[in-house]
Amino acid sequence: TAERTRKEADELLHEYRERLKEARAQAEEIVQRARQAADAHEAESKERGQEIVEEAAKKAERDIEAASRRALDDIRKEVADLTVMATEKVTRKTLDSDDQKRLVEEALNELDFSSISSGAANN
């Protein structure tokens, strides 16, 4: 009886060790899959973060260009208004629309807006 009991105990111990080995292998596989999923999620998050940064940079660049164009348009208008006002004060007469147009075009042609616009675009 003792021999049979010892043999059954040895068989149970062997079966227990096999199951423990299988459980450890399964646990190792689960941990490995979790690591792979975490790595994939991290890479995806970094990629999405980079896309967001690039989109924000492009939007900022577009906003800067639009603001620069508006500022240059405002400067041109101000130059035109000042040219007409100065000419009217100097000549002490009101200019007709053809004279105003000619004076404004001459004044704008004398100004170098290229350095202003290229400087704004480079910033």
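**Close-up views of helix packing and salt bridges**

Arg33 is partly exposed, its relative accessible area being 48%. Like everything shown here, this value comes from a predicted model.

**View 1. Arg33 pairs with Glu29 along helix H1.** A salt bridge links Glu29 with Arg33, and their closest N and O atoms lie 3.9 Å apart. The two residues are about one helical turn from each other because they sit four residues apart in H1. Glu29 counts as partly exposed at 47% relative accessibility.

View 2. About one helical turn separates Asp10 and Arg6, as they are four residues apart in helix H1. Asp10 is partly exposed at 39% relative accessibility, and Arg6 is partly exposed at 45%.

**View 3. Asp73 and Arg76 form another pair in helix H1.** Their side chains meet in a salt bridge of 3.8 Å, N to O. Three residues, about one turn of the helix, lie between their positions. Asp73 is partly exposed at 46% relative accessibility, and so is Arg76 at 32%.

**View 4. Helix H1 crosses helix H2.** The axes of H1 (residues 2-91) and H2 (residues 97-110) come within 9 Å and cross at roughly 125°, which makes the two helices oblique. The crossing is right-handed. Arg76, Val79 and Thr83 are among the H1 residues in the contact, and Leu103, Val104 and Leu108 are among those of H2. By class, seven residues in this contact are nonpolar, three polar and two charged.

Conventions. Residues numbered from 1 in each chain as written. Predicted model: local features only at pLDDT ≥ 70, side-chain atom pairs only at ≥ 80, totals over all residues. Heavy atoms only, no water. Axes fitted to C-alpha atoms, helices over the stretch in contact; angles between N-to-C directions. Parallel < 35°, antiparallel > 145°, perpendicular 65-115°, else oblique. Left-handed = near helix turned anticlockwise from the far one by under 90°. Contact = heavy atoms within 4.5 Å. Nonpolar A, V, L, I, M, F, W, Y, C, P; charged D, E, K, R; others polar. Buried < 20%, exposed > 50% of the residue type's maximum accessible area, 1.4 Å probe, protein only. Salt bridge = Lys/Arg side-chain N within 4 Å of Asp/Glu carboxyl O.
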